Amino acid sequence: MKIADFDLYKDLLYEKSGLDITPDKSYLLDSRLTPIAKKWGYPSLDAMSVNLRALPDPALVTEIVDAMTTNETSFYRDIRPFENFENVVLPYLIENAKRGKTLRIWCAACSSGQEPYSIAMILKEKQAQLKGVRIEIIATDISDRVLATAKQGLYSQFEVQRGLPVTKLVSFFKQVEEKWQISDEIKSMITFKNFNLLDPMTSLGQFDVVFCRNVLIYFDIPTKAKVLEGISRQMARDGYLFLGGAETVLGVTDKFSSIKDVRGLYAQTGEHGTVERASSFSTVSSAGNV
Ligand SMILES: C[S@@+](CC[C@H](N)C(=O)[O-])C[C@H]1O[C@@H](n2cnc3c(N)ncnc32)[C@H](O)[C@@H]1O
């Protein structure tokens with residue numbers, strides 16, 4: 001790909017989705033965008049680039065952004081966050097919810113749905129403790145393609161074998177030919193919608209728990225900071241934030257701090273026994289790692 005074309009797609013993806021493409025990923029642009037050029041009737045990727053530069057068709061731009069997203073996910077991915085949700089976060093939320101609150105959970109880059117369905121299954125199993133508590137799970141993603149799969153809730157044998165305990169497969173899915181269909185009861189616990197994390201978040205309302213896992217890794221530091229600060233504004237003062245295993249708030253924002261001894265779990269700084277940012281910074285800086 002020509003440098004000017006690389007820059008065209010780099011700028012477009014950054015502006016539309018926050019995705020920060022580095023030159024070593026140029027091959028990904030080629031391999032994922034060439035089929036789109038063909039589909040749109042262009043003789044080559046070069047020809048599509050020329051046209052895009054002159055007159056960008058919004059539908060084509062959406063398709064390009066969608067094609068460049070990485071949608072890797074699985075049920076109970078990395079397991080530990082879901083154990084922490086069940087054993088650390090949920091007991092606290094149940095206590096609070098008894099005072100008459102609705103529990104609102106946001107799965108902020110839900111891909112094809114395995115993450116919000118994992119959360120919903122945990123909540124379903126805890127329904128006795130949650131009796132009378134209203135629960136809302138909002139699951140969002142920038143890609144309509146993965147949201148369509150998520151809404152359908154129909155997974156292959158391979159997908160259900162990745163992380164889903166067999167007891168949950170038996171309880172919450174039924175086999176439909178070669179595939180597995182999640183129950184309507186679990187499906188109805190989740191509202192799926194398209195949402196770009198770069199957009200203002202106010203309309204989503206306030207959340208008690210936010211899962212924003214394995215998406216910030218694709219963003220540069222200013223974008224990570226913007227997204228995390230947006231989430232902080234939408235999160236209850238005593239809310240909980242889950243990030244992916246390769247993600248951190250350290251060196252990005254002081255709105256959140258990690259919770260002592262609970263990996264991957266964050267709270268608004270100063271809440272839930274967070275490790276204060278000032279000390280984290282000085283420890284890391286003095287080790288020369290920042
Ligand atoms: C690797 S998946 C992570 C899925 C799930 N959270 C997990 O950890 O398994 C990243 C998802 O982020 C979505 N995404 C990327 N940029 C986004 C943006 N600006 N706004 C919302 N979602 C975005 C992608 O479409 C993709 O489905």
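The model is predicted: local features need pLDDT of at least 70, side-chain atom pairs count only at pLDDT 80 or more, and totals for chains, interfaces and linings use all residues. Residues are numbered from 1 along each chain as its sequence is written, and side-chain values use heavy atoms, with hydrogens and water left out.

Individual atom pairs show how the ligand is held in place in the model. A backbone N or O atom of A109 lies 2.8 Å from a ligand nitrogen, and a polar side-chain atom of R77 is 2.9 Å from a ligand oxygen. The side chain of E115 places an N or O atom 3.3 Å from a nitrogen of the ligand. Taken alone, the ligand exposes 600 Å², and the protein buries 98% of that (Shrake-Rupley method, 1.4 Å probe).The chain itself is divided into domain 1 (3–68) and domain 2 (80–153 + 182–283), with bounds from an automatic or database domain assignment. Their centres, taken over C-alpha atoms, are 31 Å apart. Nine residues of domain 1 are in contact with 10 residues of domain 2 (heavy atoms within 4.5 Å). The two domains bury about 740 Å² between them, 47% of it on carbon and sulfur atoms; this is the accessible area (1.4 Å probe) lost on putting the two parts together, summed over both. In domain 1, Y14, S17 and D66 lose the most area to domain 2, together 50% of what that side buries.

One salt bridge is found across this interface, the term denoting a side-chain nitrogen of Lys or Arg within 4 Å of a carboxyl oxygen of Asp or Glu. The side chains of D66 and R145 meet in a salt bridge at 2.6 Å, N to O.

Note on methods:
Polar contact = N/O pair within 3.5 Å; in protein donor to acceptor, adjacent residues only side chain to side chain.
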